[in-house]
Amino acid sequence: MISERVTDQGLTFLDVETPFCTASLCMQGAHLVSWKPAGQQECLFLSPKAVFSRGKAIRGGIPVCWPWFGAAENGPAHGIARTSEWRLHHQETDMRGNLLLSLALYPDDAGQPAAILRLTLGSSLAMKLETTVRRLPCKLTEAFHNYFAVGNLTKCRVLGLENISFREYAAQPMKHGERPLAPLGCLDRVYDCPDHTGKIILEDPVMNRSITVEREHASSVIVWNPGQQGAADMADLGADSWNKFLCVETGNASPCALHLAPGQSHTVCQKISVAPLA
């Protein structure tokens with residue numbers, strides 16, 4: 001079942017209930033703010049101070065960073081997708097009872113590419129972001145900016161990055177446990193994955209679960225948490241929330257940008273699943 005609601009601030013949400021999960025998606029940004037598999041706790045972190053208003057990116061869930069990831073000289077951080085109004089392109093229920101949604105974004109500026117986001121909502125979550133270049137060549141960077149809810153960040157482990165080189169962008173990087181990654185606070189890493197496919201596992205002993213992220217056509221895994229002081233400096237986050245989430249993101253980040261000519265397309269994919277710790 002899918003129902004539509006409009007908030008007092010004018011944002012449209014699609015609320016989803018299937019035999020396998022519940023979910024909620026904001027049409028501004030095609031932004032999934034909740035996904036809870038049946039019998040499981042909420043998978044996604046949503047800041048208790050998140051702002052829901054037109055033109056403002058939501059803090060938490062899965063923001064879509066597109067058609068660039070990171071800062072830009074002549075545009076908003078992480079691209080235009082997060083604050084653009086997407087439209088529902090298609091919906092259906094498959095033979096297994098999963099809900100399939102397609103959302104489209106065609107920017108008014110034809111110099112920008114077009115995007116279609118395809119979601120499969122069930123006991124697992126699959127996302128495909130299809131970019132098609134229109135009039136002008138495109139230097140594409142992108143990411144599914146996954147905020148995963150955790151019981152305590154400092155108790156978590158991230159497996160699957162042990163032999164992958166990374167760049168650290170935190171202004172004051174701290175020492176974390178490695179092999180596997182054991183984050184203890186502030187970090188802002190981009191791991192360069194030359195095979196463009198793979199699997200990352202976030203183990204959370206406090207919530208007694210593991211979250212697995214499988215990626216395709218993605219050269220980057222981004223791992224981010226602002227730490228306590230960084231979270232305190234964000235009005236829509238706050239110091240009390242810093243250890244309640246870890247971002248483990250799927251994407252293509254600089255310097256591994258994709259250079260696409262008019263008419264060319266690219267699709268980045270991820271699949272998220274949740275299971276009890278063994």
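Guide: Let's start with Cys247: the closest cysteine sulfur to its own is in Cys65, 9.3 Å away, which is too far for a bond. A disulfide here means a pair of cysteine sulfur atoms within 2.5 Å. Before going on, a word on what you're looking at: this is a predicted model, where local features need pLDDT of at least 70, side-chain atom pairs count only at pLDDT 80 or more, and totals for chains, interfaces and linings use all residues. Residues are numbered from 1 along each chain as its sequence is written, and side-chain values use heavy atoms, with hydrogens and water left out.

Back to the cysteines. Cys247 is buried, at 0% relative accessibility; buried means under 20% relative accessible area, exposed means over 50%, and partly exposed is in between (1.4 Å probe, protein chains only). Cys256 is partly exposed, at 29%. Its sulfur has its closest cysteine sulfur in Cys193, 8.8 Å away, again too far for a bond. By the 2.5 Å rule, the disulfide count is zero.

Another cysteine, Cys21, turns up in the contacts of Leu121. Leaving aside residues up to four places away in sequence, Leu121 touches Val16, Thr18, Cys21, Ala23, Leu32, Trp35, Asn98, Leu99 and Leu101, where contact means heavy atoms within 4.5 Å. Leu121 and Trp35 touch the most other members of the largest nonpolar core, which has 66 residues. Such a core is a set of buried Ala, Val, Leu, Ile, Met, Phe, Trp, Tyr and Cys residues joined through side-chain atoms within 4.5 Å.

Now for the strands. Eight of them form an open antiparallel sheet, in the order β6-β7-β8-β9-β21-β17-β16-β13. At its edges are β6 (87-93) and β13 (157-159), each pairing on one side only. Strands are DSSP runs (E, at least two residues), numbered from the N terminus, and two strands pair if DSSP finds at least two bridges between them. Within the sheet, β9 (residues 125-132) and β21 (residues 265-276) run antiparallel over eight bridges, with Thr132 partnered by Ser265 in β21.

One last stop is Ser102, in strand β7 (residues 99-105). Ser102 counts as buried because its relative accessibility is 6%. Its side chain makes a polar contact of 3.2 Å with that of Arg118; a polar contact is a pair of N or O atoms within 3.5 Å, where, within protein, one must be able to donate a hydrogen and the other to accept it, and residues adjacent in sequence count only if both atoms are side-chain atoms.

Terms used
Helices (H or I, at least four residues) and strands (E, at least two) are DSSP runs, numbered from the N terminus.
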